[in-house]
Amino acid sequence: MKHEIKTCQCEINDIDITFETIYSKPYISPGILKEIKNANVLLIPEENFRDDGDVLFPETTIEFYTYLKEKLPKDAIVDIAISNNDFQRIELHSDAVIVTTIIINSFLYNVMCSVIASYLYDLAKKYLKKTTELSAKVQIIVEETENKKSKIIKYEGPVSEVEKFLSSATKNIFKDEANDNK
């Protein structure tokens, strides 16, 4: 069965996931905790995808991780929230590119939008598809550094629209907190 996303589905919601809540997940072994605590861009797995307790990453995760390491500025520290031995990926054989969920510090959001869009455009070229023909699913958790509140930005739709949506989401992230501080 092929999974295609024909229309854009976009949303921004509050979420109770922060870097600290990730650190306490059962799949975080003590051996990697110190290392991942340095990250301000953390790739996190899908939990309980098929079975209770399974922890899986989309098939393009390693390629995406490598891309982020190459393209993000030096102040972006990228890591994967699992040990190499426990890393498992799932291949869905989908027509949609599923980008692994990431949690980032808010100061990196704008640059992350561009890098994700660039990554997806490059994949479209690799797959010999137009960006209007290739669909993507992106989830970014943005933690506001000062008050430790998080928002999740979800996008499902054509690659051609991902940067526009993610960039426009900037004005909605933490707008409530900005109004509270006035």
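Colleague: Where is Leu128 found?

Modeller: Leu128 is found in the loop between H4 and strand S9 (135–143). Helices (H or I, at least four residues) and strands (E, at least two) are DSSP runs, numbered from the N terminus. Before we go on, please note that this is a predicted model, where local features need pLDDT of at least 70 and side-chain atom pairs count only at pLDDT 80 or more, while totals for chains, interfaces and linings use all residues. Residues are numbered from 1 along each chain as its sequence is written, and side-chain values use heavy atoms, with hydrogens and water left out.

Colleague: Why is Leu128 called exposed?

Modeller: Its relative accessible area settles that. Buried means under 20%, exposed means over 50%, and partly exposed is in between, with a 1.4 Å probe and protein chains only. Leu128 has 77% relative accessibility, so Leu128 counts as exposed. The backbone of Leu128 has a phi near 60°, a positive value in a residue other than glycine.

Colleague: What is the phi of Lys148, and where does Lys148 lie?

Modeller: Lys148 has a positive phi of about 60° although Lys148 is not a glycine. Lys148 lies in the loop between S9 and strand S10 (150–158).

Colleague: What makes Lys148 and Glu143 a salt bridge?

Modeller: The rule asks for a side-chain nitrogen of Lys or Arg within 4 Å of a carboxyl oxygen of Asp or Glu. In Lys148 and Glu143 the closest N and O atoms are 3.6 Å apart, so the pair qualifies. The two partners have their own labels: Lys148 is partly exposed at 48%, whereas Glu143 is buried at 2%.

Colleague: How many salt bridges does this rule give?

Modeller: The count comes to five salt bridges. Among them is Lys126 with Glu63, at 3.3 Å from N to O. Lys126 lies in helix H4 and Glu63 in helix H3 (residues 61–71), so this pair ties together parts that are 63 residues apart in sequence. Lys126 is exposed at 53%, while Glu63 is partly exposed at 32%.

Colleague: What about Lys164 and Glu161: how far apart are they in helix H5?

Modeller: Lys164 and Glu161 are three residues apart, about one turn of the helix. Their side chains meet in a salt bridge at 3.0 Å, N to O. With a relative accessibility of 59%, Lys164 counts as exposed, and Glu161, at 27%, is partly exposed.

Colleague: Why is H4 called roughly antiparallel to H5?

Modeller: Two packed helices are described by the angle between their axes and the distance between the axes. The axes of helix H4 (residues 109–126) and helix H5 (residues 159–169) come within 9 Å and cross at roughly 175°. That makes H4 roughly antiparallel to H5. The cut-offs are under 35 degrees for roughly parallel, over 145 for roughly antiparallel, 65 to 115 for roughly perpendicular, and oblique for the rest. The axes themselves are lines fitted to C-alpha atoms, for helices over the stretch in contact, and angles run from 0 to 180 degrees between N-to-C directions.

Colleague: Which residues make the contact between H4 and H5?

Modeller: Contact means heavy atoms within 4.5 Å. From H4 the residues include Ile116, Ala117 and Leu120, and from H5 they include Val162, Glu163 and Leu166. By class, this contact has 10 nonpolar, three polar and one charged residues. Here Ala, Val, Leu, Ile, Met, Phe, Trp, Tyr, Cys and Pro count as nonpolar, Asp, Glu, Lys and Arg as charged, and the others, Gly among them, as polar.

Colleague: How do you know that Asn105 counts as buried?

Modeller: Asn105 has 12% relative accessibility, which is under the 20% limit, so Asn105 counts as buried. Asn105 has its place in strand S8 (residues 101–105). Leaving aside neighbours within four places in sequence, Asn105 is in contact with Phe19, Asn40, Glu143 and Thr145.

Colleague: What makes Tyr65 partly exposed?

Modeller: Tyr65, in helix H3, has a relative accessible area of 22%, so Tyr65 is partly exposed. Leaving aside neighbours within four places in sequence, Tyr65 is in contact with Leu43, Val78, Asp79 and Ile80.

Colleague: How many helices and strands does the protein chain have?

Modeller: The protein chain has six helices and 10 strands. Buried residues make up 45% of its 182 residues.
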